[in-house]
Amino acid sequence: MSVAVERSPFARIASDFAASRLALSGLAVLALILLAAIAAPLISPQNPYDLAQLDIMDSKIPPGGVSADGMRFWLGSDDQGRDMLSAIFYGLRISLGVGVLSTLAALAIGLVIGLTAAWFGGWVETVIMRLVDIQLSFPSILIALVLLAVLGQGVDKIVIALVAVQWAYYARTVRGAALVERNKEYVEAAQCLALPTRRILFHHVLPNCLPPLIVIATVQVAHAIALEATLSFLGLGMPITSPSLGLLIANGFTHLLSGKYWISFFPGLALLVTIVAINLVGDQLRDVLNPRLQK
Amino acid sequence: MIVFIIRRLLQSVVALLIMSVLIFVGVYAIGNPVDILINPQADQIEIARVTAALGLDQPLWVQYWEFLKHALSGNLGRSFAQNVPAMQLILERMPATVELALCAMVIAVALGIPLGLVAGMKPDSWYSKTIMAGSILGFSLPTFWVGLVLIMVFSVMLGWLPSTGRGQTTLLFGVPVSFLNWDGLTHLAMPALNLALFKLSLLIRLTRAGTREAMLQDYVKFARAKGLPMRRVVLVHVLKNIMIPIVTVIGLEFGSVIAFAIVTESIFAWPGMGKLLIDSINVLDRPVIVAYVLIIVFMFVLINLVVDLLYSALDPRVRLSEMTA
């Protein structure tokens, strides 16, 4: 879509976003974290899950300590002699992967359901929105816990649980935005052209509902990551074969009381930095994409 | 008004029914409880006998109907693990959770509203920015990790506060509570603070937003023009007007505090309902899980109803008959 304006919308959003140094640094940190997660096998000092590389003699080395064979453990090692820095890189991969995957799936489901509700109205809308209301009146952690109690452990199960607690947010937001859009003239024009409903919904209405969705999706990724970590910490999330940050923290919890803080503390710090960075970016995106705040 | 209450009550009943069906189907229909209850060496006749005794040979809707009939008379089944009624087990643990949740709420309100007022009055000052940065941090910090750090600092490094348990309890109207003696208080401090942190951040943001908006209103200008001191304007005029959304949120959040207590209780080994739930999930104690969820759902429905009614009482402009909620 090329309109005769000085700047494309994308350039405007980018420059508005860059106006906040805090948000920009959040974005930079987030980029670094993503890079570390993607490149984990390349940049980790060791493969923390290759048993051949682990030495039980190296267990519980404090941060900065050096093992017998001269390897330095910048963030210490856990009870298996695993380098915490490497474990955190690998853990970030899993945490971010689960967070992003579940958010995207929930976004897709919520989007279709929300659009359906707004477009068809009537009893379809009533039933869907009542369901959304009921679900949103319960805290997500409770719903996820109960689901996992029923489903059992596993990566697929936790993704299902995270999707189940998130879709309602999107459905509600999309419906709100779509209700406004459906009465606009461009939709009427599209209907006059006798375009199929599916095309009007997904090619005309949907792009105009995107800004609030992007904001919510950003913040929801942070929520999903935190929720997954909490569930894993409680022993109901990831299986031991997929050590996310939450599971690393849970592993270190038993050693915390004996003063070996680093096994839990550093994965927690990584989790915290990730969530703060995402929230900072999300906050600024909300301001930038909010038409009411545009000068 | 009465029409609204009746409609709202009907909705609550429907919500409860839907949840009970979901929970029942989820917990009872998936997997076979007989496998857990019976000796693995039992023969086919024995299995059939136990299945019939438990009513598991009936069609699902008959089983649900039986379950519902028992549930309505307050019987939610017996715990597999401890062989006492699940309801009794949960009710025994409830005071500990409610005490923890109430303390957390008190901390959040006592700190959150004043801090929010300060941050809203002078949004550009350095202390307001510090408060807001703190609240962003409070939102982002995962509850369970804050709990760990609290234990690390106050129990392991400084040795000031005990890290687990509830400590000594005192009977208050026949209910054991921790906050009436020193030992109990030291046990209560960290879990309550941990649980309060998220709500504290929420209240700061809410109060600040409300204050910022209210400060621009004509009635504030008028009160200032009358020569009233700032203190009185803020504490009487502004506070009264921003209380409506705040009270609503405090009410609604109370439910979520009880839910989030699951995490806090697990970390600090606080003997409440939440810890019971996690323990029950770990040993697949189905009746307790079902009972917990149904009780919590019931609490939530009740809280939502009370908040809606409170809302209309606080704000005469809200006419409940017109509300679609």
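A:Ala194 is exposed (12 or fewer other C-beta atoms, placed from the backbone, within 10 Å), as 6 other C-beta atoms lie within 10 Å. This is a predicted model, in which local features need pLDDT of at least 70 and side-chain atom pairs count only at pLDDT 80 or more, while totals for chains, interfaces and linings use all residues. Residues are numbered from 1 along each chain as its sequence is written, and chains are lettered from A in the order in which they are written.

Most residues other than glycine have a negative phi. B:Ala269 counts as partly exposed, a class between exposed and buried (20 or more such atoms). Helices are DSSP runs of H or I with at least four residues, numbered from the N terminus.

Between the chains, 31 residues of chain A are in contact with 31 residues of chain B, contact being C-beta atoms within 7 Å. On the side of chain A that touches chain B, α11(A) gives the largest share, eight residues. By class, that side has 24 nonpolar, seven polar and no charged residues; Ala, Val, Leu, Ile, Met, Phe, Trp, Tyr, Cys and Pro count as nonpolar, Asp, Glu, Lys and Arg as charged, and the others, Gly among them, as polar.

Technical notes. Contact = placed C-beta atoms within 7 Å. Helix = DSSP H or I, 4+ residues; strand = E, 2+ residues; numbered from the N terminus.
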